[in-house]
Amino acid sequence: MMDIEEAPEQAADASAADAHQEPGSSPENPTPASRHALTPLAAAALLAACGGGGGGGGTADAAPAVGVIDFPIAGYSHINPTNDAEAARFLQQAQFSSTPAEMAELRGMGCAQWLSNQFARYQGITGWNWLEARGYGAVDANNYFFTYYPADFMIWNQLLSGPDMMRKRAALALSEFFVASLASAEFTWRSHAYASWWDTLARNAFGNYRELLEDVTLHPAMGYFLNTKGNQKENASTGRVPDENYAREVMQLFTIGVVELNLDGTPKTSGGVPLESYTQADVTGLARVFTGYNFDTSDGVRHPVDNYTIESKAFAGKRMSFNANRHSNLEARFLGTTVPANTPGPTALRMALDTLFNHPNAGPFFARQMIQRLVTSHPSPAYVARVASRFNDNGAGVRGDLKAVWVAILLDDEARGPASLQSTTFGKLREPMLRFIQWARTFGVTSAAGSWKIFELNNTATQLGQSPLRSPSVFNFFRPGYVPPGTALSAAGATAPEFQLVNESTVGGYLNFMQGVIERGINCPEPGAPQAAWTNYAYDVQANYSRELALVADATALVNHVCLVLAAGQVSSASRATMVSALNATPVTTASSDTVKRRRIWAAILMVMACPEYLIQK
């Protein structure tokens, strides 16, 4: 299908969409949809600002912003790293990498100032503007408007390069909570829609959960993924009823979960049985609110392609529009809220989202999963309660402040204190895509022509078995409550979501993939051209091992360095000794050939990235 399934009526009320901040904007400088299209000169300027490797600086000479610590820090015992290992541990939870320069910067200012700086910075080129700068907005024989791969290239560019690493780390965590998957997108301009989706998560990452929830609900990617797009009111003569998909998932997965929760995330029970947080009647009532929305193609622009036409890409970057004629005017009851009959659709939506946002489950439900994504798979109830309390009140009476949530997660004594390093249930299995991103960030990966031609990496036998924005279902790559059966974790009742990805195929596939990538980079078709022509393959997205080359003659120094930057120094002396012994089996001196030196570096990195003490991040 080469066209949008169904365009909304032109009488649609687009007021909500008009007020929406577009994906090519920053919080300080909103950009209207009409300015998404870049002139060739502007495109060149954007790419030049990114640097030779295609990273994402906003301007070439802009000084990084310095933030003000406007969040509570009293009561945290370990906010100033005293050594590089402590600094690396924090950075590997808060962003993707911990290079020597990044560790030195953190130690020079402390965690609180570092966090406030991240909150103040928004410098990177957006995913939407990157697509435009690379020419993927063109309507030509390449059919970019109906392909997936530009979105894959876009997200890898965002994750592997450019500034705002903490913002991107938070956005990636949010993408695994508010799941909308590119894998099932079947509509025109899907890559632009998912670039806009990514930009929405990144833009809201340090904002408020309530605003993010509304942006998620009305985004075209989510509208298509969970059937809000084209959802219509009931029709008694045909038996049609509103689609319940989004109503169910927004409660089950995005806001309150399926059981009532205490502040610490533990279930509320009656007679030992968990209390359900909603019923089928709540789903049916809430579904009425999410009727009348569709892609906003009100610009009326269509482009000729062969013997048909396609709409402009503008809808992919705008909130869905509302059509009152397709909205249910029946009374809607859910979760103790009643939306009276004939309530205008935008008002009904606001009432519904306010109800979900203010539900007592929202704080602990969201807090626990964000702790899982950044710090530990099985946080203590006390840890969850402390973070949920900050969700409920940031210290200044504001609910849903995401900056307060990240601060509470990352500065908590359970995350920072040394006691957790000795626990057998603390920590998390590093997700395969995070291992790959960490390698790239740590060793200065660049794309020579800025093309970042990495396709999806979901193949379990030969790749990572995981790829960003490509979850196989709305339930993410793994369930937050997953407990590996027949293990010590199972005996302890400890959740370990990422282990749902682990099997014989994925373990071997990851190691084989990383061995090749560490040595040669990514084999890309036509690395210098935007389109994915299946010819002239060459290796691109390659690492710079200059720091490691300076240490290569000393196997012990090399291993210690790699263990620090990749594993925060959490590799045992016995494991390090084994690695050093393996490296010394092939002597290397300063006079050795460059190939021999690099082979030692490749081996050191692969051994660490295969080591259980690296794979489990504490």
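Which strand holds E311? The notes below take this up along with other features of the model, which is predicted.

1. **E311.** The residue belongs to strand 5, which covers residues 308-311. Its relative accessibility is 3%, so E311 counts as buried. The E311 side chain has a polar partner: it contacts the side chain of T188 at 2.4 Å.

2. **Overall make-up.** The protein chain has 618 residues, and 56% of them are buried. Its secondary structure comprises 25 helices and twelve strands. Take the contacts with a separation of 6 or more: 74% of them join residues 24 or more positions apart.

3. **Aromatic pairs.** Pairing here requires ring centres within 6.5 Å. By this rule there are 31 aromatic pairs. One of them is F90 with W114: the centres are 5.4 Å apart and the planes stand at 85°, so this pair is edge-to-face. The cut-off for that label is over 60 degrees. F90 sits in helix 3 (residues 84-94) and W114 in helix 4 (residues 100-120), so the pair ties together parts 24 residues apart in sequence.

4. **Aromatic cluster.** F177, F178, Y209, Y246, F254, F290, F357, F365, F366 and F391 make up one aromatic cluster. Y209 and Y246 are among its members.

5. **Charges over rings.** Two cases deserve a look. R190 lies over the face of F146, 4.1 Å from the ring centre. K229 places its charged end over the ring of F295, at 5.1 Å from the centre.

6. **N143 backbone.** N143 is not a glycine, yet its phi is positive, at about 55°. Where does N143 lie? It is in the loop between helix 5 (127-133) and helix 6 (149-160). With 30% relative accessibility, N143 counts as partly exposed.

7. **A568 backbone.** A568 also calls for a backbone check. Its phi is near 55°, a positive value in a residue other than glycine. The loop between helix 22 (555-567) and helix 23 (573-584) contains A568. Is A568 buried or exposed? At 5% relative accessibility, A568 counts as buried, whereas N143 is partly exposed. The cut-off for buried is under 20% relative accessible area.

Conventions:
Residues are numbered from 1 along each chain as its sequence is written. This is a predicted model: local features need pLDDT of at least 70, side-chain atom pairs count only at pLDDT 80 or more; totals for chains, interfaces and linings use all residues. Side-chain values use heavy atoms; hydrogens and water are left out. Rings of Phe, Tyr and Trp (its six-membered ring) pair if their centres lie within 6.5 Å; planes under 30 degrees apart count as stacked, over 60 as edge-to-face and the rest as tilted. Helices (H or I, at least four residues) and strands (E, at least two) are DSSP runs, numbered from the N terminus. A charge sits over a ring if NZ of Lys or CZ of Arg is within 6 Å of the ring centre and within 35 degrees of the ring normal. Buried means under 20% relative accessible area, exposed over 50%, partly exposed in between (1.4 Å probe, protein chains only). A polar contact is a pair of N or O atoms within 3.5 Å; within protein, one must be able to donate a hydrogen and the other to accept it, and residues adjacent in sequence count only if both atoms are side-chain atoms. Contact means heavy atoms within 4.5 Å.
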